[in-house]
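Please keep the structure open while reading.

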Amino acid sequence: MGIRKKINKNPPVLSHEFVIQNHADIVSCVAMVFLLGLMFEVTSKAAVLFITVQYNVTISTNEGLEETAVNHFHHGIKDLATVFFYMLVAIIMHAIIQEYVLDKINRKMHFSKTKHSKFNESGQLSAFYLFSFGWGTSILLSENFLSNPVSLWEGYPHTLMPFQMKFYYICQLGYWLHALPELYFQKTKKEDIPRQLVYISLYLVHIAGAYILNLNRLGLVLLVLHYFVELLFHISRLVYFSHENRQTGFTIWAVLFVLGRLLTLSLSVLTVGFGLATAEHQGLDLAAGNFNVLFVRITVLAAICITQAFMMWKFINFQLRRWREHAQAQTLKKKQAPAKGKSKKDKANGVNGVSSNGADSPRARKEKSS
C-alpha cells in the first residue's frame with residue numbers, strides 16, 4: 001500500500017486525487033443511502049436486500065414438550081447485493097483503522113517508504129485476521145464441528161446454514177472484494193499490484209467455491225486454521241518493524257505454516273476424497289445443491305493441492321531470502337571486526353605520526369638538544 005501524500009491545495013472535485021483523499025466519506029454516503037432506504041416503505045424492500053441476510057428458512061424442532069423454531073439460511077443470487085453492501089462497510093472500516101491507528105503510529109516511528117507500506121498492510125490484515133479467527137472459532141465451537149469432525153461431510157449437501165455462518169461468509173466475500181478498489185485508493189505501487197491481485201483472487205475463489213458448492217463447514221475450518229497462521233505472521237512483522245532484533249515470531253510462524261499446510265491437505269482429502277466419496281447422496285443435483293460427483297471432487301482437491309503447493313513454494317523462497325540476508329549481515333560483521341581491531345592496534349603502535357615511546361615529539365627533541 002502506498003503512502004498518501006498530503007497536499008495543501010484542494011484537488012478539483014471528482015479528480016483522481018479528490019476521490020482518493022475522500023473515498024471513505026464518499027463510500028459512507030453511499031452506505032447511508034441504503035440505511036435511509038429502510039425508513040421509507042417504497043424503498044424498504046430494496047434496501048433490505050442489501051442490508052439483511054436473505055433466504056431465511058424456519059425449521060421447527062421439538063425439545064421436550066415445547067416446539068421451537070430455528071432459523072436457517074441458504075445461498076442464492078440475492079446474496080450479491082448483501083456482499084456489495086458489506087464491501088462498502090469494509091472500505092469504511094479500512095479507512096478508520098488507517099487514519100486513527102496506523103497513520104498515528106507511522107508518524108511516531110518514522111518508517112521508510114518500504115516499511116511504511118508493509119506496516120500498513122500488516123496492520124490492516126492483523127486486525128481482519130484477528131476478528132475473523134475469533135468469530136470463526138466461536139462458530140466452530142457453537143456448532144460442535146471440532147468435537148465431531150464427521151459432521152464436515154456427514155449429511156452433505158449442507159444447504160442450510162445458521163445465521164452466524166452465512167453472515168460470516170458474506171463478510172468474508174465483502175472484505176476480499178473491498179481489497180480490489182483499495183489498490184486504487186491506497187495508491188499501490190505497480191510492481192506490488194500483481195502480487196496483491198494473486199492472493200485476493202485466491203481468497204475469493206476458495207471462499208466463494210466453498211460457499212456455492214455447499215462445502216461451508218470444511219471451508220470454515222480451513223479458513224480459521226489459515227487465518228491463525230497468517231495472523232501470527234503479520235503480528236511478527238509488526239513486532240519486527242518496532243525492533244529488528246525480535247524475530248522469534250517468524251520462527252514460530254514457519255513451524256506453524258508447514259503444519260497448517262499439512263492439516264489443510266489432510267482435512268481436505270479426508271472430507272472430499274473419502275467422506276463425500278462414501279456419502280449417501282451421490283450425483284449432480286443443482287436444485288438440491290448436491291455437487292457430489294467425481295469431477296467436482298477431483299477439481300476441488302486439485303485446487304486445494306495446487307494452492308498449498310504454491311504457498312509452500314512462496315514460503316521456501318521467503319525463507320531462503322531471509323537466510324541469505326542473514327548470512328550477508330554476518331559476513332559484514334566479521335569483516336568489520338578485524339578492521340576495528342587493526343585500527344586500534346595501529347594507534348597503539350604510533351601509526352599516524354605518533355610513536356609509542358614519544359621519541360619524535362617536540363618535548364623529546366628539546367630534551368635531547370639540551
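## Overall make-up

The chain contains 11 helices and four strands. The model is a predicted one. Of its 370 residues, 38% count as buried. The chain exposes about 22,200 Å², and carbon and sulfur atoms supply 66% of that area. Among the contacts between residues at least 6 apart in sequence, 72% join residues at least 24 apart.

## The nonpolar cores

In soluble globular proteins, nonpolar side chains tend to be buried together. Here the largest nonpolar core has 60 residues. Those with the most contacts inside this core are Tyr-129, Tyr-168, Trp-176, Ile-207, Leu-220 and Tyr-227. At least two residues of the core come from each of α2 (23-37), α4 (79-109), α5 (113-142), α6 (163-185), α7, α8 and α10 (294-348). The biggest share is that of α6, which gives 11 residues. Apart from this core lies another one of nine residues, among them Phe-250, Ala-254, Phe-257 and Met-311.

Phe-257 also takes part in a charge-over-ring arrangement: Arg-261 lies over the face of Phe-257, at 4.6 Å from the ring centre.

Which residues is Tyr-227 in contact with, leaving aside its neighbours within four places in sequence? They are Phe-128, Tyr-129, Ser-132, Phe-133, Tyr-168, Gln-172, Trp-176, Tyr-203 and Ile-207.

## Aromatic pairs

How many aromatic pairs does a search of the whole structure find? The count is 38. In one of them, Tyr-168 and Tyr-169 are edge-to-face, with 6.4 Å from centre to centre and 85 degrees between the planes. Tyr-168 is buried, at 0% relative accessibility. Tyr-169 is likewise buried, at 0%.

Tyr-203 and Tyr-227 form another pair, with ring centres 6.3 Å apart. Why is this pair classed as tilted? The planes stand at 40 degrees, so the pair is neither stacked, which requires under 30 degrees, nor edge-to-face, which requires over 60.

## Cysteines

A disulfide is a covalent bond between the sulfur atoms of two cysteines. The structure holds zero disulfides. Cys-29 is exposed, with a relative accessible area of 52%, whereas Cys-171 counts as buried at 18% relative accessibility.

## Loops and backbone details

The phi angle of Asn-144 is near 60 degrees, a positive value in a residue other than glycine. Is Asn-144 buried, partly exposed or exposed? Its relative accessibility is 45%, so Asn-144 counts as partly exposed.

Asn-214 is found in the loop between α7 and α8. Although Asn-214 is not a glycine, its phi is positive, at about 60 degrees. Asn-214 counts as buried, with relative accessibility at 2%.

A further loop, between α9 (248-275) and β3 (283-285), is the place of Ala-279. This alanine is buried, because its relative accessible area is 17% and the class takes in values under 20%. How far apart are Ala-279 and Trp-153 in sequence and in space? They are 126 residues apart in sequence and 7.6 Å apart in space, C-alpha to C-alpha.

Methods
Residues are numbered from 1 along each chain as its sequence is written. This is a predicted model: local features need pLDDT of at least 70, side-chain atom pairs count only at pLDDT 80 or more; totals for chains, interfaces and linings use all residues. Side-chain values use heavy atoms; hydrogens and water are left out. Rings of Phe, Tyr and Trp (its six-membered ring) pair if their centres lie within 6.5 Å; planes under 30 degrees apart count as stacked, over 60 as edge-to-face and the rest as tilted. Buried means under 20% relative accessible area, exposed over 50%, partly exposed in between (1.4 Å probe, protein chains only). A charge sits over a ring if NZ of Lys or CZ of Arg is within 6 Å of the ring centre and within 35 degrees of the ring normal. Contact means heavy atoms within 4.5 Å. Accessible areas come from the Shrake-Rupley method with a 1.4 Å probe; for residues, only the protein chains shown count as cover. A nonpolar core is a set of buried Ala, Val, Leu, Ile, Met, Phe, Trp, Tyr and Cys residues joined through side-chain atoms within 4.5 Å. A disulfide is a pair of cysteine sulfur atoms within 2.5 Å.
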